[in-house]
Amino acid sequence: MTTKELEIQIRKKKSFLCIGLDVDLQKIPTHLLTFEDPIFEFNKAIIDATHQLCVAYKPNTAFYEAYGIKGWQSLAKTINYLNEFYPEIYTIADAKRGDIGNTSSMYAKAFFEDLGFDSVTVAPYMGKDSVEPFLAFPNKHTILLALTSNEGAFDFQTKKFDENELYKQVLETSKTWKNSENLMYVVGATKADYFKEIRKIVPNAFLLVPGVGAQGGKLKDVCEFGLNSQIGLLINSSRQIIYASSGKDFAEKAQKQAVKLQLTMEKIMS
């Protein structure tokens with residue numbers, strides 16, 4: 001999916017909501033545990049209830065890897081379901097990969113070709129030759145970790161080197177890489193006051209923004225400096241939506257939470 005196609009969906013749905021499918025078997029409704037594949041059944045119900053309200057879904061692969069081969073099968077079934085029944089939805093593999101070139105090529109093939117995701121999150125620490133293999137895939141996006149929402153982000157990402165914070169150096173350097181037009185960036189919602197500086201460096205890029213809701217990020221604060229002419233934001237919410245209820249009404253309650261965010265986004269866009 002191209003960024004133009006993504007923008008069309010955002011304007012059509014009046015939403016730039018991304019829903020994180022981070023499935024924990026200890027948190028999902030217990031009645032689902034009787035199914036052969038409770039993870040997929042949970043995801044399917046959430047997707048069917050919320051697909052009209054969001055433009056993207058983001059499974060965090062750790063929540064699938066934790067269950068071994070069955071978890072990977074659940075992930076594959078989830079992405080296949082999305083691609084078959086809701087092909088207009090943008091899909092993000094939140095895998096945070098990044099390794100030497102030939103290894104990154106294999107990671108990219110796994111997520112882009114085998115699983116069929118539109119994008120994958122990648123760590124920039126190993127530099128150019130660890131990221132460019134992901135960027136080589138046409139109409140696929142590499143979402144680079146730039147400024148994350150966790151407490152430990154201050155350990156390195158905001159430290160100054162040669163009078164420039166590290167996250168700024170990551171942004172500036174990444175623009176010089178081959179096929180950098182295929183880059184998006186992760187910027188945490190809990191760092192809303194940084195968005196003005198980030199937009200000076202990457203004014204036209206899409207930003208994936210985790211941390212709204214359960215982690216304390218405020219949508220209004222992010223949008224004040226993060227929006228651009230394309231909208232340019234994918235606001236991720238996971239726990240606040242998918243775990244709105246632990247009962248049999250979980251999908252209905254998830255839908256209600258998604259509606260609240262979508263209506264707020266519609267007001268912001270108007």
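Predicted model: local features only at pLDDT ≥ 70, side-chain atom pairs only at ≥ 80, totals over all residues.
Strands here are DSSP runs of E with at least two residues, helices are runs of H or I with at least four, and both are numbered from the N terminus. Two strands pair if DSSP finds at least two bridges between them. Angles run from 0 to 180 degrees between N-to-C directions, and axes are lines fitted to C-alpha atoms, for helices over the stretch in contact.

Start with strands 1 and 2. Strand 1 (residues 17-20) runs parallel to strand 2 (residues 56-58), and three bridges join them. Glycine 20 stands opposite lysine 58 in strand 2.

Residues are numbered from 1 along each chain as its sequence is written. Local features need pLDDT of at least 70, side-chain atom pairs count only at pLDDT 80 or more, totals for chains, interfaces and linings use all residues, and side-chain values use heavy atoms, with hydrogens and water left out.

Now the helices. Helix 5 (residues 101-114) packs with helix 6 at an angle of about 30 degrees, and their axes are 8 Å apart. Helix 5 is therefore roughly parallel to helix 6; that term covers angles under 35 degrees. Contact means heavy atoms within 4.5 Å. From helix 5, Gly101, Ser104, Ser105, Tyr107, Ala108 and Phe112 meet Asp129, Ser130, Pro133 and Phe134 in helix 6.

Key. Parallel < 35°, antiparallel > 145°, perpendicular 65-115°, else oblique.
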